[in-house]
Every structure is written in C-alpha cells, then in structure tokens.
Amino acid sequence: MPLITYVKDFLKITPKKLNPNISIDTYDDHRMAMSFSLVALGGVPVRINDPGCVAKTFPRFFDEFKKITGE
C-alpha cells in the first residue's frame with residue numbers, strides 16, 4: 001500500500017517498492033505499453049511484453065523512449 005500524506009492543498013503519494021523484475025502484458029494495446037513504460041523513469045526495470053503493439057500509433061516509440069532513458 002502506498003503511503004499517502006495529506007497536506008493543506010496537496011497530496012504526497014510515496015509508492016511502495018516495486019518488484020524489479022516486473023513484466024507487463026499489453027494485450028495488444030499500445031496504451032498499455034506506452035503508459036507502463038513510464039515506470040522505467042522511476043528507476044524500476046520493466047519488461048514490456050509485445051512492444052511491437054505500438055506500431056499502430058507510434059512505431060518508433062521505444063527508440064524515442066531510449067533517448068529519454070539513456071539506455
């Protein structure tokens with residue numbers, strides 16, 4: 001369960017530690033692949049199963065994403 005701290009005009013959410021071997025099934029949905037890939041920006045290694053599902057909307061998504069993550 002994440003830690004939620006209530007402050008006067010905002011919430012601070014501290015997520016629980018994620019499993020470093022996380023694997024995401026996309027169910028042939030490019031939105032699943034794109035949104036869950038953002039977990040990597042938090043330093044958590046993530047494997048996107050069927051990354052090719054992004055081809056219908058953004059074929060070079062993971063090439064561009066690598067530019068952001070430096071990998």
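What follows covers a surface patch, a pocket and a set of salt bridges in a predicted model.

Y6 is a handy one to look at, sitting in strand β1. With a relative accessibility of 65%, Y6 counts as exposed, because the cut-off for that class is over 50%.

Next comes the pocket. The largest one in the model has a volume of about 330 Å³. Its lining is made up of 14 residues, and those nearest the centre of the pocket are A40, V46, F62, F65 and E71. As for where the lining comes from, strand β4 (46–49) and helix α2 (61–69) each hand over at least two residues. The top contributor is α2, which gives four residues to the lining of this pocket.

Searching the whole structure brings up four of them. One pairs D63 with R60, and here the closest N and O atoms are 3.1 Å apart. Both partners fall in the partly exposed class, D63 because its relative accessibility is 35% and R60 because its own value is 47%.

R60 has another partner as well: a salt bridge links R60 to E64, with 4.0 Å between the closest N and O atoms. E64 is partly exposed too, since its relative accessible area comes to 29%. From E64 the chain of contacts carries on to K67, through a salt bridge whose closest N and O atoms lie 3.3 Å apart. Why are E64 and K67 separated by about one helical turn? The two residues are three apart in helix α2, so about one turn of the helix lies between them. Taken together, R60, D63, E64 and K67 make up one network, joined by salt bridges that share partners. As for K67, its relative accessible area is 60%, so K67 is classed as exposed.

How values were computed. Residues numbered from 1 in each chain as written. Predicted model: local features only at pLDDT ≥ 70, side-chain atom pairs only at ≥ 80, totals over all residues. Heavy atoms only, no water. Buried < 20%, exposed > 50% of the residue type's maximum accessible area, 1.4 Å probe, protein only. 1 Å grid on protein atoms, 1.4 Å probe; cavity = no way out; pocket = protein on both sides within 12 Å on 5 of 7 lines; lining within 4 Å. Points joined across faces, edges and corners; volume = space filled by probe spheres on them. Salt bridge = Lys/Arg side-chain N within 4 Å of Asp/Glu carboxyl O.
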